Amino acid sequence: MKCKNCKAIFEPKQFNRKYCTADECNDLYFEFLKKQAQKKWNKEKKIKKENLQTVQELLKLTQIVFNKWIRSRDKNTPCISCKNPVPKKVNAGHYIASGKSKFLTFHEDNVHLQCEYCNTYLHGNLVDYRINLIEKIGLERVQYLEDNRNKTKKYTREELKEIMQKYKKSI
C-alpha cells in the first residue's frame, strides 16, 4: 500500500491505515485520527444538546422560526394595521397575543406582518388590525380566532420540533 503523505510503499499494521510509520507521516496520521474524533464528538454533542432542550427553549426557537416564516410570507405586503407600504422594520404581529392564547400562537391566520411602530408602540393597533384582518381573511375566520382566544395548549417537545421543521423548510 502507498503512504498518503510520502507515497512510499509500506505494509499496513492496522486495518484501514493510510500512512506509513515514518515520524512525519505518523504525526499526520494522528492528526487525522484527532480530526475524526473531533467530528464524531461534535455530532454527539449536537444530539445531546438537542435532547437537553426544555419545552420553553424549544418554544422560543420555534417562535423565532415561525416569525421568520411570517415575515417571508408577507414580505411585499403592507402593515396589517396601518397599511403603510412595506415598512423598514417589521414584526410578526399576533392578533390574539401569544401570551394570552398558546393555542393560537402558531396559527397562520392569527399572525401577520406588522410595522414595528404599530406592534410595539401602539400595542398591536388592534382596532385597525381587526378591520384589515376581516378584509384579508374574512369575518368567519376572524370569528374563529376570537372564539378560541381562551383555549389553552401545552406543546410537547415533539409537536414543537414538528412545527419548527415545517416552517424551516418553507423559509
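Predicted model: local features only at pLDDT ≥ 70, side-chain atom pairs only at ≥ 80, totals over all residues.
Let me start with a definition. Ala, Val, Leu, Ile, Met, Phe, Trp, Tyr, Cys and Pro count as nonpolar. Asp, Glu, Lys and Arg count as charged, and the others, Gly among them, as polar.

Which residues line the largest pocket? Here they are: E50, Q53, L58, L61, I64, V65, K161, M164, Q165 and K168. Now sort them with the definition. Five are nonpolar, two are polar and three are charged. E50, K161 and K168 are charged, because Glu and Lys belong to that class. α2 (55-73) and α6 (157-170) each supply at least two of its residues.

Next, salt bridges. Side chains of opposite charge can pair when their charged atoms come close. How many salt bridges does the structure hold? Seven.

Start with R73 and D74. Their closest N and O atoms are 2.8 Å apart. Is D74 buried or exposed? D74 is buried, because its relative accessibility is 4% and the cut-off for buried is under 20%. R73 is at 30%, so it counts as partly exposed. R73, D74 and K136 are linked in a network of salt bridges.

Now D109 and R141. These side chains meet in a salt bridge at 2.7 Å, N to O. Where do the two partners sit? D109 is in the loop between β1 (90-94) and β2 (111-115). R141 is in helix α5, residues 139-147. They are 32 residues apart, and the pair links distant parts of the chain. D109 is buried, at 13% relative accessibility. R141 is partly exposed, at 41%.

Third, E159 and K153. Their closest N and O atoms are 2.9 Å apart.

Last stop, N125. Find it in the loop between α3 (116-121) and α4 (126-137). Why does N125 count as buried? Because its relative accessible area is 15%, and buried means under 20%. What does N125 touch, leaving aside its neighbours within four places in sequence? It is in contact with S81, C82 and C118.

Terms used:
Residues numbered from 1 in each chain as written. Heavy atoms only, no water. Helix = DSSP H or I, 4+ residues; strand = E, 2+ residues; numbered from the N terminus. Buried < 20%, exposed > 50% of the residue type's maximum accessible area, 1.4 Å probe, protein only. Contact = heavy atoms within 4.5 Å. Salt bridge = Lys/Arg side-chain N within 4 Å of Asp/Glu carboxyl O. 1 Å grid on protein atoms, 1.4 Å probe; cavity = no way out; pocket = protein on both sides within 12 Å on 5 of 7 lines; lining within 4 Å.
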